[in-house]
Amino acid sequence: MTKIQKQQFGLTIEEVNQRISEQKVNISTKSNLKTPWKIISSNIFTYFNMLLAIIAALLLSIGSYKNLWFMVIAIINTLIGIVQEFKARKTIKDLSLISDSKVNVVRQGLELEINVNNVVLDDIYKLQAGRQIITDSIVIDGAITVNEANLTGESDSITKEIGDQLLSGSFVVSGEAYARVSAVGKDNYIETLQNKVKTLSKPKSVILNSLRSLLKIIGIIILPLGLMTFYNAYLRSAYDYLPDFIQDSALYQEALISMAGSMVAMVPSGLFLLTTMTFATSVIKLAKHKTLVQELFSIETLARVDTLCLDKTGTITDGTMNVDFFEMVENPIYDIDDYHEKEIKNIISSMNHALNDQNQTSLALREFFGAKKKFNIVQSVDFDSMNKYSIVEFEGGIYVLGAPEMILTKHYSKIKKQVERHASQGKRVLLLAQSEKIKDDKIYGKVRPIAVIILNDNIRESAIKTINEFNESNINVKVISGDNAMTVSEVAKRAGVIDADKYISLDGIKDEELEDIALNYNIFGRVTPNQKKLLIMHMQAHEHKVCMVGDGVNDILALKQADTSVSLASGTDASRNISHFVLLDDNFATIPTVVKEGRQIVSNMEKASVLYLVKTLYTVILTFILLMTDNIYPFQPIQLFVIETFIIGIPSFIIALEPNNKQFKGHFLVNVFKNVLPGSLIIIANLLGVYIFASAFQFEVPENASQMISTVGILAATFAYWLVLVNVSSPLNKLRTLVIAFALITSTLSFVIFSDIFGLYPLDTSSFLLLLLLMETTYIAFSIYRRSLIKFWP
């Protein structure tokens with residue numbers, strides 16, 4: 001068997017099995033999915049969980065079992081987080097199987113379609129436009145143009161011919177070739193790069209990063225404050241009437257319980273888990289809408305999106321084209337009398353036979369003109385997104401088919417009126433012309449226009465409603481297309497895009513002119529792939545958050561540049577792999593749902609975070625003040641159960657998962673603390689009032705002063721915290737009203753029925769009047785705050 005025959009034959013089944021046994025299979029070592037162990041360990045072995053476990057062990061050592069309830073809450077939160085992450089992981093895996101990239105390999109002389117993970121070393125596989133190069137390879141037949149921007153950052157395309165090396169992660173722009181696999185799995189070049197870009201760029205989670213920074217600060221101050229609380233309580237406890245050995249034990253136990261109460265209150269238990277659980281839940285919800293989330297925290301980025309960029313084809317239109325008719329050029333530059341209808345059909349049919357283009361336009365041309373060889377072919381150049389035309393050289397001449405203004409760069413004005421007559425009706429117009437010569441895959445010399453081909457691009461039934469949803473959500477829609485600008489404008493106008501009649505063609509526009517253009521237009525025609533990327537860069541430079549929707553090779557640079565990206569499942573391998581979301585049913589109408597999910601997460605997490613962090617902040621400040629004034633922290637861990645469960649825990653989960661389409665603005669932590677700080681200060685003032693009263697007037701039974709301070713304090717703090725919940729839940733609706741009522745009723749019943757468990761002491765007259773006074777002043781303080789600083793509240 002000769003070398004050429006061996007290449008065409010490919011590997012035998014025995015050779016494939018041998019390579020599988022030698023583990024020479026193209027299985028990537030990297031994955032966007034957490035491993036099961038990482039899910040479990042990241043939820044269990046957190047700093048605060050470890051801290052709570054130590055506190056629980058100390059309380060267990062002194063037999064204070066009722067104060068261990070905070071561990072029950074921590075365990076439940078952890079289990080919920082683990083279960084939801086596993087559900088999300090399974091959902092992503094299941095959907096990934098549907099959108100997995102396939103590849104055509106040659107084995108034993110047969111061409112087979114297999115999963116990319118089943119490719120082995122020395123396999124021969126087929127490459128064509130839109131395909132991602134799945135593994136390092138060497139071209140053995142044919143020629144292709146590839147883009148290595150994923151690896152090098154350079155957007156220029158490179159021609160690869162027989163013997164040239166192909167690097168995994170790059171993608172095919174045009175042409176067709178067969179390549180032999182030269183490396184698999186971890187041996188691929190891309191696997192050695194420090195910054196892995198094979199699939200997609202990972203967006204940073206502002207919420208998680210903000211919370212991590214905050215929790216680091218809390219983690220630093222919680223230990224010294226806790227230890228000082230223990231020391232202060234040990235010195236200040238009044239057990240002088242007991243024997244020394246009993247006194248020491250009692251001092252230790254009371255100081256330990258005081259320290260535990262302070263430290264447990266400082267921990268925003270469940271906040272971090274609520275965040276990851278919310279993201280995981282969103283993945284599951286989006287899966288029901290046939291949307292694959294390839295990067296978890298990209299959902300959050302959608303909340304900040306104010307600009308949506310999309311290609312016309314496949315989004316506003318359904319992507320299925322058909323040739324309407326063709327006609328001779330009305331104002332020919334050169335004589336075309338020697339051309340007639342049959343010959344034009346034969347030329348285009350022969351061009352279809354010679355070219356390897358697989359886009360919707362080429363499919364429509366094949367359907368109408370056929371793809372039969374009528375003339376002998378010398379060479380061909382597949383469609384290129386930069387030039388926007390295809391070339392075929394026959395023995396009888398060179399013919400070019402593509403964008404009229406790109407082919408007739410000098411004499412476009414001769415046929416402009418004819419082209420725009422059709423373009424103004426939303427039609428796609430192609431020009432068939434004869435060229436004098438071809439050089440470096442471009443046409444040169446005299447160009448003779450022959451005929452124009454008119455194609456229909458059908459608008460999706462759901463497009464008008466979808467565009468209107470974006471308009472109502474204050475998301476500016478921009479259509480960036482390689483098509484004629486007038487055609488794009490007409491289609492966009494019918495779909496309801498704002499300012500669709502104001503359009504511009506980027507043909508011949510210099511890169512430095514794009515900044516003003518990007519901001520002042522919504523419709524762009526004759527855009528090259530690199531111009532798409534630059535347009536998005538300029539939008540981002542002016543603080544716009546951009547989502548790019550695309551499905552073709554010409555969209556890849558823009559998809560990668562955008563803050564978040566969406567691809568269609570029917571799109572190219574490269575566009576799917578580079579995108580954060582994949583619409584598995586190609587339904588453009590799903591995107592508003594995806595955006596709403598992102599808005600829901602950020603807006604609701606902003607509210608939920610307030611509930612957790614008010615407790616943390618007021619405890620830190622209160623503990624510091626009490627240490628400075630030689631007072632003992634008043635609350636036991638069990639007394640915080642009502643606040644943590646019925647006012648923070650359950651309501652925060654409901655708030656976090658409630659539908660919310662509010663566009664997020666500003667900085668997450670700044671927005672949160674505008675609400676946290678006033679609420680915390682009011683609660684602190686409330687509690688300090690109890691200490692001031694006890695110091696100035698004394699309770700009716702002075703020996704029970706500490707118990708009375710604890711009782712009045714926790715009741716007043718619970719009421720104040722309930723008012724925080726009311727404010728966070730504003731504006732009220734039916735669900736939020738039920739949540740507020742549930743929190744009030746359950747909190748009240750818990751304190752009444754289980755007063756002994758919560759360590760509540762029966763109130764005397766003075767303490768009861770003090771509680772009423774504190775509740776009244778707290779209510780007034782919140783009311784004044786809301787009226788004077790209403791801008792701070794949701």
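Colleague: How many disulfides does the structure hold?

Modeller: A disulfide is a pair of cysteine sulfur atoms within 2.5 Å. The sulfur of cysteine 547 is 8.5 Å from the closest cysteine sulfur, in cysteine 309, too far for a bond. The number of disulfides in the structure is zero.

Colleague: What kind of model is this, and how are residues numbered?

Modeller: This is a predicted model: local features need pLDDT of at least 70, side-chain atom pairs count only at pLDDT 80 or more, and totals for chains, interfaces and linings use all residues. Side-chain values use heavy atoms, without hydrogens and water, and residues are numbered from 1 along each chain as its sequence is written.

Colleague: Is cysteine 309 buried or exposed?

Modeller: Buried means under 20% relative accessible area, exposed over 50%, partly exposed in between (1.4 Å probe, protein chains only). Cysteine 309 has a relative accessible area of 0%, so it is buried.

Colleague: Where is serine 481 found?

Modeller: Helices (H or I, at least four residues) and strands (E, at least two) are DSSP runs, numbered from the N terminus. Strand 16 covers 476-480 and helix 17 covers 485-495. Serine 481 is in the loop between strand 16 and helix 17.

Colleague: Is glutamine 23 buried or exposed?

Modeller: Glutamine 23 is in the loop between helix 2 (13-21) and helix 3 (36-44). Its relative accessibility is 70%, so glutamine 23 counts as exposed.

Colleague: What is omega for the peptide bond from serine 730 to proline 731?

Modeller: Proline 731 lies in the loop between helix 25 (705-728) and helix 26 (734-753). The peptide bond from serine 730 to proline 731 is cis, with omega near -5 degrees.
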